[in-house]
Amino acid sequence: MFEHNIILRPKFELSSITLIKDFVKSGLGIGYLPNELVKNELSSGELIQIPISLEIPTRNIGIITDKETPINHAAKKLIEIIMDDIK
């Protein structure tokens, strides 16, 4: 964003998709969500999409588990999917 002279100074950082959409609908800012998560709101006109051509920054993730608690099947499958996706 710096190459476009845009400096973001967020007052709120939300981790709930529902809260992000509610804040945007209430005029309290902008949100950055995948299209799949707002397709209903976009088709109904509740939200509008602003096309951007900026590259999405990469993110690092970590997987942690409790060594004393066995990992269930669903968690093992999720770890497998994530590991396959990052290869």
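Me: What is the mean pLDDT of the chain, and what share of its residues reach 70 or more?

Reply: The mean pLDDT (the predictor's confidence in each residue, from 0 to 100) is 87, and 97% of the residues reach 70 or more. This is a predicted model, in which local features need pLDDT of at least 70, side-chain atom pairs count only at pLDDT 80 or more, and totals for chains, interfaces and linings use all residues. Residues are numbered from 1 along each chain as its sequence is written, and side-chain values use heavy atoms, with hydrogens and water left out.

Me: Which elements of the chain have the lowest and the highest mean pLDDT?

Reply: Helix H3 (residues 73–86) has the lowest, at 89, and helix H2 (residues 35–44) has the highest, at 95. Where pLDDT is low, the predicted coordinates should not be read in detail.

Me: What makes up the secondary structure of the chain?

Reply: There are three helices and zero strands, in the order α-α-α from the N terminus. Both kinds are DSSP runs numbered from the N terminus (helices are H or I with at least four residues, strands are E with at least two).

Me: How does the radius of gyration of the chain stand against that of a compact globule of 87 residues?

Reply: The chain has 18 Å, whereas a compact globule of 87 residues would be near 12 Å. The radius is taken over C-alpha atoms, and the globule rule is 2.2 Å times the number of residues to the power 0.38. Along the principal axes, the C-alpha atoms fill a box of roughly 45 × 35 × 25 Å. Of the 87 residues, 6% count as buried.

Me: Why is lysine 21 called buried?

Reply: Buried means under 20% relative accessible area, exposed means over 50%, and partly exposed lies in between (1.4 Å probe, protein chains only). Lysine 21 has 15%, so it counts as buried. Lysine 21 belongs to helix H1. Apart from residues up to four places away in sequence, lysine 21 touches Leu33, Leu37, Val38, Glu41 and Leu47, a contact being heavy atoms within 4.5 Å.

Me: How do you know that glutamate 41 forms a salt bridge with lysine 21?

Reply: The closest N and O atoms of glutamate 41 and lysine 21 are 3.0 Å apart. The rule asks for a side-chain nitrogen of Lys or Arg within 4 Å of a carboxyl oxygen of Asp or Glu, so the pair qualifies. The pair links distant parts of the chain, with glutamate 41 in helix H2 and lysine 21 in helix H1, 20 residues apart. By this rule the count comes to four salt bridges.

Me: What makes glutamate 41 buried?

Reply: The relative accessibility of glutamate 41 is 10%, and therefore glutamate 41 counts as buried. Leaving aside neighbours within four places in sequence, glutamate 41 is in contact with Lys21, Lys25, Glu46 and Leu47.

Me: Where do lysine 39 and glutamate 36 lie?

Reply: Both lie in helix H2, three residues apart, about one turn of the helix. Lysine 39 forms a salt bridge with glutamate 36, with 2.9 Å between the closest N and O atoms. Lysine 39 is partly exposed because its relative accessible area is 45%, whereas glutamate 36, at 56%, counts as exposed.

Me: Which residues make the nonpolar surface patch?

Reply: Tyr32, Ile48, Ile50, Ile52 and Ile56 make a patch of about 610 Å². Tyrosine 32 sits in the loop between H1 and H2 and has a relative accessible area of 54%, so it is exposed.

Definitions and conventions
Patches are made of residues with over 30% relative accessible area and no salt bridge: like charges are joined within 9 Å, nonpolar side chains (Val, Leu, Ile, Met, Phe, Trp, Tyr) within 5 Å. Accessible areas come from the Shrake-Rupley method with a 1.4 Å probe; for residues, only the protein chains shown count as cover.
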